[in-house]
Amino acid sequence: MPDVANMLQFHALGLKRVSRIIDGNPNYDDLMEHRLGESHWEAFENEIDIKEKRSHAVTLFEKKFRGRRFKTIVPEFANFACHGSTPNNLREFSFFERICHPVGVKILNSNYSYSERISASKLDHEQKEALEKIADEVKAFYKSRFDVTASIVHQQILYSRSFFNFLLAFSQDGAARPAALVQANDHSPAQVALSMVLKGLGVPRIYLQHAEVTESFPELDFDYSVLRNKQSRQIYEAIGPAAGRVFVIPRHSEAFSKEALFKQRGSGLTVVVYPTSRVLSDRAKLVADALRRNPAVDKIVIKQHPAAADRTLDQVLGASGVTFADKIPDEDHIAVVGNSSVVIELLHRGIPVYQNFDFDPVSADYYGFVKSGLTFEVTLAELSEMFWRPYPPSECWLEAYAQRDPSATPDYLKEQEEFVSAMARLAAASNPAPASNNPIRGKLRARVKSWAKRAIVSTINASPALSGRAANLILAITELVGSFLLVNTHNAARFFQLYTNMKINSPVLKGPKRTRRAVPSPTPDLLELLEYTLSSAEQPGEWLQLNEKTGVFSSFAVISAMETMLQNRNPAVNTIFHAFPEWPSGSAVGTWIYLKKLEWGNIEIAELELEAIAAFVYKYSDDAQVRANLERLLLLGIISCGTLEQLDHFWLGAKLRHESLSIDRKIDVLRRLRGAPERQAEAERMRQELKDRATPFELLKLRNLDFLEGRPVPGWAHVHVERQFMLTAPRGIARDFTAYVRPAYDALRPRMRFMEARANAGQAEALLSLVRAALEDAKPFSLIRLSDGEGYLFPEGPFFDLADSANRERHWWGAELPEDLRLRIVAEARQAVAEADVVGIPAVYRFIRDCGDHSAAISQSLQGRGLLNVLSCISELISSTALASEDKVNIALFKDVEAVARLAASARKVIVVSSARTENLPSGLAAGRRINTVTIPTHHKTALNEKYHNGSQPLPFVYLSLLQELEELASPGDLVLVAGGVIGKIFIGRARARGAVALDIGHVLDDWMHSRLPSLR
């Protein structure tokens, strides 16, 4: 076996790598104390003669190496794979997937730490020789050492056993070699063992530095190394030359919170103590007691290390007035840290760090943070006083910090791009081959297994009920099935479930198997015929009910045609909706139309009626595809205006499962739970589950959700989020964003003052101050927002064509406009935008919300084309003095009616231009005064909603007379609130021309009038 010899050649090199870090750390035995509890470790005390130590080390190794059975993994990964299961390792692997997402490289599901393990069979001649070779190298290793410690012996035994296990694994016939190995540890025994084995096989190895390093670490011995900062690169360069390419890429997905770090902090503080994996409990109690005596400290929290060896710290400190946290708290606090690399993460988040080494067994200032001036050391006595001197916002400190945190400057982006390109080339070039040099046996085995699987499937499908009982019994016997298929029981159950008709109810894999009746998809010609029929029918409601009785067209075909009509913004949709003023009990198509009407028109539904509709849907079984459509709409209705009890019942009565929802729908469910104070714990659990299972882009969507809801997101800034979007979005989306969106942002960058106003109270207040000042000084002022629909205003743009404009007109007004009227509206609205003082532009947050992992291009959707069209043209239109905000800044400023009332208190009078009926406007809107209104015809979508004014004609045909009404009302010092879509911009422009302060409040007005859960904007 030549491969055995190749793997074996690097065993001795691995011994040196494992021992180097132990030799460089005199406290290593203390760190390993929890693993060195056996009495025979006493043989390695300092006073013992070195010869005795060597002899005892070899004896102990022989006993533990030869005296036990070997267990090997089943190597089954042929693409990129990883190895490691600690939280730090998994965090690095997630980072790798995040930055490599654009090129499709994944590793988290190919982790050798979770591979199937089997007992090694009888060793062949080559493997026995390898075992003896390893034993000889271990003896030579100890003979060359001038000191032998308990931790050296412990780690050496673990390394050599792991090495031999991996050697056995990859010398099996049919064993797959990975295209590349990703590791996040360069000195732990098991990781070094696998690295050395695969080095011998010529597999490319990628190292991700998971924590800070010192000069006692081994040199870089990888094809690619991704370090955390420039300081680490310098340390590794001092250790020795690197074997491959080295990159410096930050791990943070959010920007450095510089302002939070440098701000002054007084009393009433929360102090969080961050111990390392080893902690001196009695001294940690002294630290807690000192903090408890500090009159300026209100709260003390202990954030234990994820790999903490001693989990009894809570018992020791329980009476010291402290609480414990599993993660870094979100609340603002100051940190007391021992020797931990968490220092950089904390500083990055804007949390000032003060280091105390009394409760840490490692040498003081192990990483040199204090010495370099990055942190401050505090004594035990100082902890009882106000020890938190402010961090210096100096260029010297920032330069030193940038050595540890490359995200402090944008320079790292080039290295990141180079690394991702290297991974793409590596993935494209890889063609994994079996590790065995006897492929005939491996192929024969594979053929036998394939034949066996086909036979199993045929047998099962002949009698699924009988086979199901037998299979469930077999699946309960984990080891037998695992040994037979070389996979665990879970994989066997999954195989049966995916490829057979039987139902698996084994505890190994629970979950209903979905069966759907096969219904042919309607052809394009049939959909066109149905759309024509529904558009032409004088009584579409009667036609639909007659069709459902006769079954001429399937219900699924009718629903599909309705979906097409909605997508095309066919004006006949409203006629069909109008034909169902009440829920048509017992009709599947009628139920779908009624639920769609509620969603479309933002119409609320009574709890009892929603309950009755749900009962019908849960019992409906005629057509699986129709039921799936009904369930999706029902879920939307429950999320929007149902109760939490109805949501709970949905998961019991529906076939739609929570885990099968899209990420956007899961986010809707999460928002609904978050809105209920009594379900906060459940919401937090759900968010954590989503986070644990999310792709890199979905993680960005989750952080975006927090921001859109106005929750604090540390380090969240528009320019930073742009970078994250480009790095995690699908390739086509990132390409469009880079080519068309980023140049627009760069042109507007100096004006983009209010892009984070939703979660940044300072930005929101600064913008409101501009509005108040204009009101108090009676000066003209306007805020206009441009979203995807405003692509209509830029016919010269490259993305929005005449067909798109016609679609928008049907959507807004139910009719297409004559060319002269369209041109006049566009010209007048553009004039208003050109004179605006603040312009809301489409922000990156909208692109994150609208895109998904499977999106191909921004321009593939009408909404995407509208956003691109606005951004491609806006910088040339707006005033040179205009400032920019995100287009949904109205949510940040005006969602709270009281905030608008406070503005109104500074105005002469308040004028509302909208389609809302006056009686439905909030009573406190005008700070107790009478509201002046200019009522305009409503949007075509909400024409069936009784809370809005419908009008005899659509807005484009009557807006000129309504403008005159506004001009007669508006004057300097007035506050004009406008919700009128594209034509509303014209009203804003006219109000500003009259000297008033005019604000584009948009869909916030809908939120004021409805109790439904607003859509995520």
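**Packing and salt bridges in a predicted model**

Student: Where does S113 lie, and which residues is it in contact with, leaving aside its neighbours within four places in sequence?

Tutor: S113 lies in the loop between α5 (87-100) and β3 (117-119); helices (H or I, at least four residues) and strands (E, at least two) are DSSP runs, numbered from the N terminus. This is a predicted model, where local features need pLDDT of at least 70, side-chain atom pairs count only at pLDDT 80 or more, and totals for chains, interfaces and linings use all residues. Residues are numbered from 1 along each chain as its sequence is written, and side-chain values use heavy atoms, with hydrogens and water left out. Beyond those neighbours, S113 is in contact (heavy atoms within 4.5 Å) with H83, G84 and S85.

Student: Why do the buried residues of α27 line one face of the helix?

Tutor: Buried means under 20% relative accessible area, exposed over 50%, partly exposed in between (1.4 Å probe, protein chains only). In α27 (residues 644-653) the buried residues are L644, Q646, L647, F650 and W651. Seen down the axis of α27, they line one face because their directions, taken from the helix axis to the C-beta atoms, fall within an arc of 155°.

Student: How many residues apart in sequence are the parts that E886 and R758 tie together?

Tutor: E886 and R758 form a salt bridge (a side-chain nitrogen of Lys or Arg within 4 Å of a carboxyl oxygen of Asp or Glu), with the closest N and O atoms 2.6 Å apart. E886 lies in strand β17 (residues 883-886) and R758 in the loop between β14 (752-754) and α33 (761-777), so the parts tied together are apart in sequence by 128 residues.
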